[in-house]
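Hi everyone, thanks for making time for this. I'd like to walk you through a structure that may be new to you, so please have a look at it with me.

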Amino acid sequence: MDAPTTTSSAGSDGSGGNSGDWGWFTPSRKPADDRRAPDQQSEERAPSRPVNPIRPVGTEADRRTPPAAAPAPGPGAGDRGTDDRRPDDRRAPGPAARGSEEHQRPDEVAPAPQDVRPGPDSPFAVPETASPDAILLRRTMAEVEPISDKVTSYFYALLFVQHPELRPLFPAAMDAQRDRLFKAILTAARLIDDLDILTEFLTRLGRGHRKYGTQPEHYPAVGECLIGALTRYAVSTWSDEAEAAWVRAYTQISQIMIDSAAEDELIAPAWWQAEVVGHELRTHDIAVITVRPDQPYPFLAGQYTSLETPWWPRVWRHYSFAAAPRSDGLLSFHVKAVPAGWVSSALVHRARPGDVIRLGPPAGSMTVDHASDNGLLCLGGGTGIAPIKALVEDVADHGRNRPVEVFYGARNDHDLYDIDTMLRLAQKHPWLAVRPVVSDGPTNGLSGRLPDAVRQYGPWNAFDAYLSGPPGMIRSGVDALMGVGIPSHRIRHDSIEELAAAAE
């Protein structure tokens with residue numbers, strides 16, 4: 001799982017509430033949009049096979065006093081470097097080393113689960129309407145969240161030692177992967193009572209994981225090692241009831257992901273090959289890269305994709321599309337090389353026309369509602385101007401004269417690398433206004449922080465807001481926009497968690 005909204009849970013027998021050939025770890029239903037001929041559908045249906053539920057690792061006694069401490073795979077858990085950095089050690093983890101463990105389950109009787117309760121300000125606070133399973137899950141999560149590095153490192157050590165065949169599916173350096181995995185699991189478990197949001201979240205994860213080569217048979221191993229890690233570190237909240245709740249939750253989570261991947265397989269490839277056909281260096285560390293996919297790539301302006309280079313296999317990074325869909329099928333990205341960056345540095349300084357990269361499926365909901373008459377208030381910082389430019393082109397392509405106000409932020413005039421393009425668009429379309437905002441040094445535009453500049457203009461009560469840029473800019477921008485009266489449901493931006501994990 002990466003680094004990835006029900007009151008009812010699947011039974012603990014591993015059936016997932018289904019019967020017949022479509023069991024727990026096979027698609028539980030035939031995809032609705034099956035475009036194959038009926039005879040092909042029947043021939044390709046998954047064969048009936050016994051399904052085993054996930055099992056805790058070891059016996060109950062072994063889990064309560066583990067004799068060995070497993071090392072963290074890849075760089076140490078304390079290495080919190082940028083997600084886009086080179087590994088110091090690309091060796092696969094070896095067997096668990098014997099020795100003392102800082103956080104062991106004590107021999108004495110642990111406190112009862114109800115003795116550990118998330119506080120009211122905790123992200124795992126228990127709603128009054130929470131189901132019994134959700135209460136148990138949130139208490140476990142509240143306990144292990146402060147030691148998430150230990151839990152996820154131990155999980156991966158279990159996974160790679162007990163299932164070494166899965167190691168090639170993961171990148172060489174596991175520091176960022178550990179963060180993504182834990183956040184995805186916690187997010188899914190926290191949303192277990194909200195089926196609609198949970199399904200939307202996991203559907204995207206399930207489809208996205210196809211590019212890693214994830215198969216249905218991999219999920220039991222992951223669940224087995226997840227239970228093993230939680231058993232070891234949830235000292236106060238773990239019990240037979242908590243374990244059963246986690247088994248039910250993981251069964252539901254994995255089934256949604258497996259089903260979404262099976263449906264997506266009928267209509268889209270796991271990834272697209274794309275040839276670099278253009279590479280323009282705008283500054284010493286920013287390049288505009290244009291690629292030609294090997295087959296049609298459907299997406300919407302404002303979305304982003306994951307990208308893998310041939311120089312760093314299995315290392316994927318998120319980049320927004322810098323143009324609306326084009327008739328020639330070409331795709332453009334704005335890439336900034338970060339210090340010690342793997343993918344970003346390779347794309348800026350190494351990639352050349354003729355190189356072939358891989359693209360994952362499109363994602364993101366920062367798209368234009370063309371049924372609305374509201375104007376667009378767009379804040380783009382740094383390379384975050386790329387999807388803003390795509391949104392402007394999308395409005396132009398639909399031929400409606402909706403007002404669009406763009407605030408383009410940078411540290412200095414030199415960093416406004418795409419200002420000429422944006423000003424040309426403004427000259428062509430009278431409904432578009434572009435205002436550069438520079439935070440440091442002299443400028444011909446506005447001086448100061450991007451959110452402060454937005455406050456000088458307005459009113460914005462008839463506008464929908466779009467933000468793209470570094471996580472800090474998005475956080476301050478959202479606060480500023482809500483402060484001038486734009487409700488949160490009319491403010492759109494990419495996931496801050498994904499932005500923080502990806503290179504700019």
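Let's begin at Lys428, which sits in helix α11, spanning residues 419-428. One thing to keep in mind as we go: this is a predicted model. Is Lys428 buried or exposed? Its relative accessibility is 64%, and anything over 50% counts as exposed, so Lys428 is exposed. Now find Ala396: Lys428 and Ala396 are 32 residues apart in sequence, and their C-alpha atoms are 9.9 Å apart in space.

Next, a pair of helices. Helix α7 covers residues 219-233 and helix α8 covers residues 240-265; their axes come within 10 Å and cross at roughly 150°. Because of that angle, α7 is roughly antiparallel to α8. The crossing of α7 past α8 is right-handed. Which residues of α7 and α8 meet? On the α7 side they include Val222, Leu226 and Leu230, and on the α8 side Trp246, Tyr250 and Met257 are among them. In that contact, ten residues are nonpolar, three are polar and one is charged.

Finally, the sheet. Here we have an open sheet of six strands, paired antiparallel, in the order β6-β5-β8-β3-β4-β7. The edges are β6, at 316-320, and β7, at 331-336; each has a single partner strand, so one side of each has no neighbour in the sheet. On average, neighbouring strands here are turned by 40° against each other, direction ignored. If you zoom in on β7, you'll see its antiparallel pairing with β4, residues 286-293, over six bridges. Within that pairing, Ile286 has Lys336 of β7 as its bridge partner.

Note on methods: Residues are numbered from 1 along each chain as its sequence is written. This is a predicted model: local features need pLDDT of at least 70, side-chain atom pairs count only at pLDDT 80 or more; totals for chains, interfaces and linings use all residues. Side-chain values use heavy atoms; hydrogens and water are left out. Axes are lines fitted to C-alpha atoms, for helices over the stretch in contact, and angles run from 0 to 180 degrees between N-to-C directions. Helices (H or I, at least four residues) and strands (E, at least two) are DSSP runs, numbered from the N terminus. Angles under 35 degrees count as roughly parallel, over 145 as roughly antiparallel, 65 to 115 as roughly perpendicular and the rest as oblique. A crossing is left-handed if the near helix is turned anticlockwise from the far one by less than a right angle, and right-handed if clockwise. Contact means heavy atoms within 4.5 Å. Ala, Val, Leu, Ile, Met, Phe, Trp, Tyr, Cys and Pro count as nonpolar, Asp, Glu, Lys and Arg as charged, and the others, Gly among them, as polar. Buried means under 20% relative accessible area, exposed over 50%, partly exposed in between (1.4 Å probe, protein chains only). Two strands pair if DSSP finds at least two bridges between them.
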